[in-house]
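The following note sets out points for a colleague's review of the structure shown below. Each point may be checked against the coordinates.

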Amino acid sequence: MKLYTCSNCHNPLYFENSICLHCKREVGFDAHKLVLITSVESDDEFSKPTGKKDVYKYCQNKANNTCNWLLPIEDTHNFCIACQLNRTIPNLSTTENLNKWSRIEIAKHRLVYSLLRLNLPVKSKWSDEKEGLFFDFMADVSPDEKIMTGHDEGIITININEADEAQLVRHKLDLGERYRTLLGHFRHEIGHYYWDILIKDSEFIEEFRQIFGDERADYEEALKAYYQAGLSTNWADHFISPYSGSHPWEDWAETWAHYLHLMDTLETAYAFGIDINPKKVKEQDMQTEINHDPYTIKDFGRIIKMWLPLTFALNSLTRSMGHPDFYPFIISEPVIEKLKFIHELCYTKRK
C-alpha cells in the first residue's frame with residue numbers, strides 16, 4: 001500500500017480515510033490513478049496532488065461509511081469499481097451486521113487496490129456475465145444452515161462471521177491455522193477466480209501443472225483425504241501452508257494469497273523508506289534496501305531478497321511486544337518457484 005497525504009495540509013492519511021483529521025477536508029480515492037485526493041471548498045470538487053481540480057461524486061456506499069472511493073461526476077454508475085462487484089450484502093437493519101460489513105469492505109477494497117496495481121482485469125458480472133466477478137456477503141440462515149465461504153465460477157461467497165474477531169481466533173485454534181485474516185480469505189478466494197481467468201485453457205496450463213501439480217485430480221476426494229489424514233510433518237518443504245497440499249487448486253490459491261500479502265507489504269515498506277541493516281549481523285542475507293516499488297520489479301529474485309530480511313525483523317519486533325510471529329512462515333525453494341511463476345504471470349499480463 002502506498003503512503004498517502006492530504007494535499008491541503010500534508011497530514012498523513014490512511015487508505016480508508018474519508019476525511020483528513022488535521023484540516024477536516026474530505027478525501028477520497030481515485031481508483032483510476034490510485035491516489036487519495038483532497039476536496040476544495042465546494043462540495044464536489046477535489047484537488048489532486050498536481051493541483052488540478054476535478055469534479056467527483058462519492059460511491060453510494062459512502063452513505064453507509066463503508067467506502068471512500070470516488071467516481072467522476074459524469075459517471076453513470078453510482079457505485080465505485082470495488083462496490084460494483086457486490087451482488088449481495090447483509091441485512092443492515094442491525095448494527096452488528098453493519099459493523100461486520102464495514103470490516104469486510106475494508107478488506108475487499110484493499111484487495112481490489114492490489115488487483116488494480118497488478119493491472120489485472122477487475123470487472124463485475126453486471127458488465128461481463130461470463131468472466132466477471134460477484135461477491136455475496138451473507139449471514140448464516142440458522143445454526144443448521146451455515147453459509148460456506150468459497151468460490152464458484154466467478155461468484156465469491158463470504159460468510160460475514162469471518163469479520164467477527166472472536167470467531168476468527170476460534171477458527172485459528174480449531175483448524176490449526178497460525179495465520180488467518182479476513183483479507184487473507186479474500187486473497188485466497190480471488191486466487192481461485194484468477195486461476196479460471198489466467199490459467200484455465202491458457203498457454204500456461206502445462207507449466208502450472210509442472211509446478212503445482214495436475215489439477216485434474218479429483219478435487220472432492222483430495223479434500224476428503226486431506227481432512228482425514230492431513231499432511232506429513234515435512235509439508236513446509238513443498239507448500240506455503242498445510243492446506244496447500246490438499247489439491248493443486250488450493251496450492252495455487254494459498255500461494256496466490258501469499259503473493260498478494262508479500263507485494264502489498266513490501267510496497268508499504270518501500271513507501272515508508274524501510275531498510276533492514278542489523279547492527280550485529282553481517283550476513284548479506286539479513287540486510288536489504290527496500291528502494292524500489294515491488295510492483296515495478298520484473299526479477300522476483302530481487303523481491304524475495306527484500307522480503308526475507310523484512311519478515312525476520314518484523315517477527316523480532318512482534319516477539320518484543322509479546323505477540324506471536326507477524327510472519328509464521330518458512331518459504332522453501334519450491335514455494336519460491338511457485339511465487340515466481342505467479343509474479344512472472346502477472347508481470348506478463350501487465351505488458
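**Notes on the predicted model**

1. Of the 351 residues of the protein chain, 46% count as buried. The model is a predicted one, and the points below should be read accordingly.

2. Overall dimensions. For 351 residues, a compact globule would have a radius of gyration near 20 Å; the value for the protein chain is 21 Å, which agrees. Along the principal axes, the C-alpha atoms occupy a box of roughly 60 × 55 × 45 Å. The accessible surface amounts to about 18,500 Å², and carbon and sulfur atoms account for 51% of that area.

3. Secondary structure and contacts. The protein chain contains 8 helices and 13 strands. When contacts between residues at least 6 apart in sequence are considered, 55% of them join residues at least 24 apart.

4. Strand S3. This strand comprises residues 27-30, and both of its faces are covered. Val27 and Phe29 are buried on one side, while Gly28 and Asp30 are buried on the other.

5. Partners of S3. Strand S4 (residues 35-39) runs antiparallel to S3 and is joined to it by 4 bridges; within S4, Ile37 is the bridge partner of Gly28. The hairpin of S3 and S4 has 4 residues between the strands, and in this hairpin Leu34 adopts a positive phi near 55°. S3 also pairs with strand S7 (residues 69-72), here in the parallel sense and over 2 bridges. In that pairing, Trp69 of S7 stands opposite Phe29.

6. Helix H1. Spanning residues 95-117, this helix has 23 residues. The distance from its first C-alpha to its last is 33 Å, close to the 33 Å expected at 1.5 Å a residue. Just after H1, Asn119 has a positive phi of about 60°.

7. Cysteines. How many disulfides does the model contain? With a disulfide taken as a pair of cysteine sulfur atoms within 2.5 Å, the count is 0. Cys59 is in no disulfide, the nearest cysteine sulfur being that of Cys83, 3.7 Å away. Cys59 is buried, with a relative accessible area of 1%.

Definitions and conventions
Residues are numbered from 1 along each chain as its sequence is written. This is a predicted model: local features need pLDDT of at least 70, side-chain atom pairs count only at pLDDT 80 or more; totals for chains, interfaces and linings use all residues. Side-chain values use heavy atoms; hydrogens and water are left out. Buried means under 20% relative accessible area, exposed over 50%, partly exposed in between (1.4 Å probe, protein chains only). Two strands pair if DSSP finds at least two bridges between them. The expected span of a helix is 1.5 Å times one less than its number of residues. The radius of gyration is taken over C-alpha atoms; the globule rule is 2.2 Å times the number of residues to the power 0.38. Contact means heavy atoms within 4.5 Å. Accessible areas come from the Shrake-Rupley method with a 1.4 Å probe; for residues, only the protein chains shown count as cover.
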